[in-house]
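Here are my notes on the model you sent, arranged as numbered points.

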Amino acid sequence: MTADASFWIVQTLNALQLSMLLFLLSVGLTVIFGLLHFVNLAHGSLYALGAFVGVSASAFAGSYWAAFAVAPVAVALVGIVLYVALIRRMRNAGPMNQVLVTFGLIFVFLDLFRLGWGDIPLGMAEPDLFSGRTAFLGIVYPTYRLFIIGLGLAVLAALSLLLSRTQLGAIVRAGVDNGDMAACLGINVERVFFIVFCLGCALAGLAGAVAAPVLSVTTDMGTAILIPTLVVVVIGGLGSLRGAIAGSLLIGFVQTFGAVLAPQAAAVAVYALLAVVLILRPAGLFPARG
Amino acid sequence: MFHQTPLKTGAVLLLAAAAVVYAFTTGFFGLELLTEVAILAIVAIALDLVAGYGGMVSLCHGALYGVGAYAFASATVLLGWGGGAGVAMAVAAGGGFAWMIGAVSARTHGIFFIMATLAFGQMAYAYFFDSPLFGGSDGMPGIARLDLSGVGLDLKNSLSYALFCTVLALLAYALAATLLRSGFGRTLVGIHANEPRMRALGLSVWRHKAAAFGTSGALAGLAGALAAQHTMYVSPGLLHWTVSGELLIMVILGGLGTLVGAVLGAGVLVFVKHEVSRFTDHWHLVVGLVLIATVLSGGRGIFGQIEFWWSPRGATRRAATEGSPDHA
Amino acid sequence: MLEVRDLSKSFGALAVTQRVSLRVAPGERRVLLGPNGAGKTTLFNLLVGELAPDSGQILVDGRDVTALSVDARARLGLARSYQKNNLFAGLTVRENLGLSAACAQGKATALLADSRRDPGVVETVGEVAERVGLSELLDASVDTIPYGARRRLEVGLALASKPRILLMDEPTSGIGPGGINAFHAFLHGLPGELTILIVEHDMDLAFGIADRVTVLNHGEVVFDGPPQEARDSALIREIYLGSWGADGGTDGSAGHA
């Protein structure tokens, strides 16, 4: 284990890459949760769906970018079906029932993945545009991972603008702050919820497709990333963009540096962090609602 | 509030009798299933205690059960202690870990509490998965069953072990029922009904919740010791959150907050899983759909429904506190 | 017995409690008066610990409890009934009272004994039910009993914890005249050693039971003295009636809020 600058730079980039992936997943989950008061444990499954669809799309079209384009759309469509059939009805059902229903969805997706794509791990090739490595700051780093970081930051910027500068964003913020009041003001909150939900699903699908070239696409990849995502949402604070990015960075860095500096403790470190936040600030670091 | 009604007593005795009859009339595989049902019933009872009556829905009971299993395995295989000490370790480990989770999460409610338990359970899973001391992802083989030859029981015999576990499940039910009728149990139900008022009446709520969760964990740990001896092998898979999810499904299917439902649900899920697996490799799909359907239909669970048919007004009154962990 | 020194609380720019000081002697019946928004319930919340003050102290029996938690203060003998019913939903009246009694008698952690049969709990439940007139309804679910009965249970819960200081927040709100008379009798029947602080709007009741009256307005204490003085006070009339009361000739019942 080297202690020179290149080691730290590489690990920082690794941490950023993981953070961006977590961010793409957690931002959807936290806003859906903050706005709809719905906890969707199947969010991880949607991410996995994005990866699987991406694998098929890129294999079919012979290009990574097919996956990049198709996966978010496909997962958003599935999201529409889920919303209409299930989510809308369960919105006021209380946390336990929501957990149970989405848990059932996890089970259903698990077997659907196996039926559709088999049991062996799949892979996807990086796009030619970003393949290979880039040299900078005295290190050589996979270009594709830099792309992931860039993509995450772009999405963060886009969502920030969306939330702060558009009417949709204002409605979302109002809805997160006080949904009943927003509805009383005549805002079609239902439609906004629907849009937000689909957007969240699309982001999850995008995350899956984007992660596919760097991770193994397996039937349990959704459940594997679900817990870190939930930890991000809880620590970051519900319903806020700031919470999502802060939490993602925190977990991404703790997990990455923990794994290389103290592997035995790394797995436990994230949960220790959760414990600390739960004791000191149960609402999380940056909750949307004071 | 919990009442050990004649219906409950009858149902429990009936289930116990059915188990015994089944044990004597089935083959090896049936005994394996029965043992599995009895062991999981103990964990499900522990879960219903805190979730159904205390309103603390947990997704870490699989981990508590697994921690107990590993504690037993470590004590007997790694440290060479006797079976009795191993069981004590399992109970202490499950109870201690659960107490900590309960204490830390006492200020959280609703979905946050569920997520906190989920994360802590996964912490334990990750720990055992990565830990070479406990065999990592390969787990620990070579676990021996308790030596009860002193009382004339050969636990290596499948029939004996199945009956042994069934008796323990019955005792677990009796223990839970006693606990729920005690001041401790009633106060737990009180916390579920109105936590702030309970605090205003002078109760240290966090301590009580932690103690309740700890007690539940101790029971789950005991079941873990039994599980370790059953398969004579432990692996991290025991702690995976999907195990906790299945336990919650058992309690819901059977009837949350009925105590008997936990036992019934364990039996139903294990047998359904087994039957479905004979026809298809995709039992997850079936269970998932059944679960979604059950929740959507707003069901009370099998035993909850039975109680309702038996005494509609009584059941509705109890359901008002017991079936609704929806505090945000 | 209960002393408050310079207690203050603000929510942002809104000063809800402003340097409130008062001292309630042991066994005293103190009535807290004031128009809506005067900060009476906030003061109660500060006293029991559900709100933390910005400054000031609260002392019970000379002991500073300002930093103590809600449950710690309750264990010192401070009990409170709420303006809005805060009962144990889904349970019976007996179970409600039982929870309060068991907690106060240290039976909340008993693991094995059936607490419904505990003699201390049974006795307290019976006694309190008798006092608040709920003996007939003990086995009814709180969700099915009338509002007046729920209000009485609300007070009963606080009483069942055998407090030394009882705070009651508008105990007769929503209760008709018959109920108010019954409440009057109930109050007179309470042990003399029990220190009682009541937020009330009904002036007749207030003046009928109070040893001393404290009037709050805009979060400040504007009057603290015997009820007779309050009755004659032009300031009080002004607070409640505005300029109408300023020209004398008032009768006690003018103060209904």
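1. At what angle do helix α2 of chain B and helix α9 of chain B pack, and how many Å apart are their axes? In this predicted model, helix α2 (residues 28-53) of chain B packs against helix α9 (residues 205-231) of chain B at an angle of about 170°, and their axes are 8 Å apart. Since angles over 145 degrees count as roughly antiparallel, α2(B) and α9(B) are therefore roughly antiparallel to each other.

2. On the side of α2(B), this contact is made by T35(B), I39(B), I42(B), V43(B), I45(B), A46(B), L47(B), L49(B) and V50(B), while α9(B) brings residues including F213(B), S216(B), L219(B), L226(B) and H230(B). By residue class, the contact of α2(B) with α9(B) divides into 16 nonpolar, three polar and no charged residues.

3. Chain A contains 11 helices and two strands, and along the sequence these elements follow the pattern α-α-α-α-β-β-α-α-α-α-α-α-α. The radius of gyration of chain A is 19 Å, close to the 19 Å that the globule rule gives for 290 residues, so chain A is as compact as a globular protein of that length. Taken along the principal axes, the C-alpha atoms of chain A fill a box of roughly 60 × 45 × 35 Å.

4. Within chain A, helix α1 (residues 5-36) and helix α8 (residues 189-211) pack at an angle of about 165°, with their axes 8 Å apart, and α1(A) and α8(A) are therefore roughly antiparallel to each other. The crossing of α1(A) and α8(A) is left-handed. Among the residues that make the contact are L21(A), L25(A), G28(A) and I32(A) of α1(A), together with F193(A), F197(A), G200(A) and A204(A) of α8(A). The residues of this contact of α1(A) with α8(A) comprise 19 nonpolar, two polar and no charged.

5. The contact between chain B and chain C takes 23 residues from chain B and 30 residues from chain C. On the side of chain B that touches chain C, at least two residues each are supplied by α6 (158-181), α7 (183-193), α8 (195-200) and α14 (312-322) of chain B, with the largest share, six residues, coming from α7(B). The residues of this side of chain B divide into nine nonpolar, nine polar and five charged.

6. For chain C, the domain assignment gives domain 1 (2-77 + 163-255) and domain 2 (88-160), and the C-alpha centres of these two domains of chain C lie 26 Å apart. Their contact takes 10 residues from domain 1 of chain C and nine residues from domain 2 of chain C. On the domain 1 side, β7 (165-169) and α6 (177-189) of chain C each supply at least two residues, and the largest share, four residues, comes from α6(C). That side of domain 1 of chain C divides into seven nonpolar, three polar and no charged residues.

Technical notes. Residues numbered from 1 in each chain as written. Chains lettered and ligands numbered in written order. Predicted model: local features only at pLDDT ≥ 70, side-chain atom pairs only at ≥ 80, totals over all residues. Axes fitted to C-alpha atoms, helices over the stretch in contact; angles between N-to-C directions. Parallel < 35°, antiparallel > 145°, perpendicular 65-115°, else oblique. Left-handed = near helix turned anticlockwise from the far one by under 90°. Contact = placed C-beta atoms within 7 Å. Nonpolar A, V, L, I, M, F, W, Y, C, P; charged D, E, K, R; others polar. Domains from an automatic or database assignment. Rg over C-alpha atoms; globule rule 2.2 N^0.38 Å.
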